[in-house]
Amino acid sequence: MGNDAIRGDTAPEDSITIVNNASGDKVTFPILQGSCGPRVIDIRKLYGATDMFTYDPGFTATGSCESKITFIDGEAGILLHRGYPIEELAAHSDFMEVCYLLLYGELPTAGQKDKFVHAITHHTMVHEQLHKFIDGFRRDAHPMAIMCGVVGALSAFYHDSTDISDPYQRMVASYRMIAKMPTIAAWAFKYSLGQPFIYPRNNLNYAENFIHMMFATPAEDYEISPVIARALDRILILHADHEQNASTSTVRLAGSSGANPFACIAAGIASLWGPAHGGANEAVLNMLNEIGSPNRIGEFVEKAKKPDDPFRLMGFGHRVYKNFDPRARLMRESCHEVLNELGVENEPLLELAMELERIALEDEYFVQRRLYPNVDFYSGIIFKAIGIPVSMFTVLFAVARTVGWVAQWNEMVEDPNQKIGRPRQLYTGYEQRAYVPLAERG
Ligand code: CMC
């Protein structure tokens, strides 16, 4: 399929023609079809052919890259990683296998999986000097602030994996980030408690290791609950990748200039932190605590509907899903399972969340705008039940999403069509004007 914009009257098939109503000029653009999802208009030649840019703040109608990793059908509520439905991965797979799938495109054989798990496990320690780096933060620093700083600083500790033109170094950097992220996250938490950092243990799996580093102390043995480890592994799967969301697009944009992978992932963590994205899980729990009791739900729902009030129901709505977020459905199931297995009956926050969900899903405002609970709506309740403090919720999201970021970053670096990301703008400021000397300004 050709990519050239064509001037003229006759349009080839699989193309779209735009007509300038003032001049009558017609320009035709090719239409590309991916393996799934809506077709896209290839406008790469638009500026050359028309002297015009497109205007699309928030990229609501813009595809920024070609990708083979994750597919979402927001109307149908479908999420596929490398073609496999998230429901099947959550039911039958584990996080390490999903990491392999995202990175390499296929599920591993038993031998490939063993080798991968071994490699990740043996990269979980961090440079000892990072202790001192973390010690430089205030004790009350938000763990996401520590994550942004420490992950960015990894490029200063691992010089031997920052040459992005070398596929081996790219893979070493990717393994390092997947492996070290739980260690850094757990240490950010330990630092806030004033407890000693706990080192990773190679006899534990990924989720168990994270729990161990979060909750063990050198003073006594710590028994890891298999229920909690399995629930955490499932949560990691559900957050592993999500196509071209804000943080992934940030990673790609930062990486498009050739920046090193550690710096790019730090940029992704910064983007994830916001309450409209990964910060929503923390915001949901804070909101549920603020609502406090079911009889105040109506008040908060009304507030969320007021156009001049910035308050939004956290954990509701999604740019792509206009149907139930499939991850939210799985998270909701997990939430009930975990609370049951842990013997937490009648958890008031879960009851409040379910009542809020019921009321919002029946409300005309939410129905009309197709605002459904998203993945963050239920995750905080599970995190709370398994003993993760609220300030660590978004950090957990970052730990899980690291594999998605590195898979997308690798794909971008290997893409022959990759260019530095450089959007244009609709300028509405002053036209050129003459400088006014200080004495003449009134
Ligand atoms: N509460 C109340 N109204 C909402 C909400 C909400 N949570 N979400 C969207 N709306 C309204 C919005 O005001 C707008 O109304 P109108 O058409 O009258 O102006 C309409 O719904 C469309 O919303 P939008 O802001 O144009 O949609 P968007 O695609 O730009 O934003 C969103 C998507 C996720 C940022 C937004 O729904 C939101 O802020 N939700 C709450 C935060 C949240 O839960 N974020 C987690 C997202 S999923 C996980 C992740 O990405 O990390």
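Is Thr402 buried or exposed? At 1% relative accessibility, Thr402 counts as buried, where buried means under 20% relative accessible area, exposed over 50%, and partly exposed in between, with a 1.4 Å probe and protein chains only.

Before I go on, a word on the model. This is a predicted model, in which local features need pLDDT of at least 70 and side-chain atom pairs count only at pLDDT 80 or more, while totals for chains, interfaces and linings use all residues. Residues are numbered from 1 along each chain as its sequence is written, and side-chain values use heavy atoms, with hydrogens and water left out.

Back to Thr402. This residue sits in helix 18; helices (H or I, at least four residues) and strands (E, at least two) are DSSP runs, numbered from the N terminus. Leaving aside residues up to four places away in sequence, Thr402 touches Met177, Ile178 and Met181, contact being heavy atoms within 4.5 Å.

Helix 18 also brings us to helix 11. Helix 18 (393-414) is among the elements that cover the buried residues of helix 11, which also include helix 6 (143-157), helix 7 (167-193) and helix 10 (246-255). Helix 11 covers residues 261-272, twelve residues, and reaches 16 Å from its first C-alpha to its last. That is close to the 16 Å expected at 1.5 Å a residue, the expected span being 1.5 Å times one less than the number of residues. Which residues of helix 11 are buried? They are Pro261, Phe262, Cys264, Ile265, Ala266, Gly268, Ile269 and Leu272. As a reminder, an α-helix has 3.6 residues a turn, so residues three or four places apart point the same way.

Next, the charged pairs. How many salt bridges does the structure hold? It holds 20, a salt bridge being a side-chain nitrogen of Lys or Arg within 4 Å of a carboxyl oxygen of Asp or Glu. One of them joins Arg44 and Asp42 at 2.9 Å, N to O. The two partners are placed as follows: Arg44 is exposed, with a relative accessible area of 53%, whereas Asp42 is buried, at 5%. In another, Lys68 meets Glu66 at 3.6 Å, N to O, and both of these residues are exposed. Glu299 and Arg296 form a salt bridge at 3.0 Å, N to O. Glu299 counts as partly exposed because its relative accessibility is 46%, and Arg296 is partly exposed at 31%. Salt bridges with shared partners also link Asp94, Glu97 and Lys113 into one network.

Glu97 is worth a stop. Its place is in helix 3 (residues 95-104), and Glu97 is buried, with a relative accessible area of 17%. The side chains of Glu97 and Ser93 are joined by a polar contact of 2.6 Å. Beyond residues up to four places away in sequence, Glu97 touches Leu107, Pro108 and Lys113.

Two loop residues follow. Where does Arg139 lie? Arg139 is in the loop between helix 5 (130-135) and helix 6, and is partly exposed, with a relative accessible area of 46%. Not counting residues up to four places away in sequence, Arg139 touches Tyr191, Ser192 and Gly194. A polar atom of the Arg139 side chain lies 2.8 Å from the backbone oxygen of Tyr191.

The other is Asn20, in the loop between strand 2 (15-19) and strand 3 (26-32). Asn20 is partly exposed, with a relative accessible area of 30%. A polar atom of the Asn20 side chain lies 2.9 Å from the backbone nitrogen of Ala22. With residues up to four places away in sequence set aside, Asn20 touches Asp25 and Met52.

Last, the surface. Ile16, Ile41 and Ile43 form a nonpolar patch there, with about 210 Å² of accessible area together. Patches are made of residues with over 30% relative accessible area and no salt bridge, like charges being joined within 9 Å and nonpolar side chains (Val, Leu, Ile, Met, Phe, Trp, Tyr) within 5 Å. Accessible areas come from the Shrake-Rupley method with a 1.4 Å probe, and for residues only the protein chains shown count as cover. Ile41 lies in strand 4 (residues 40-41) and counts as partly exposed, at 42% relative accessibility.

Definitions and conventions
Polar contact = N/O pair within 3.5 Å; in protein donor to acceptor, adjacent residues only side chain to side chain.
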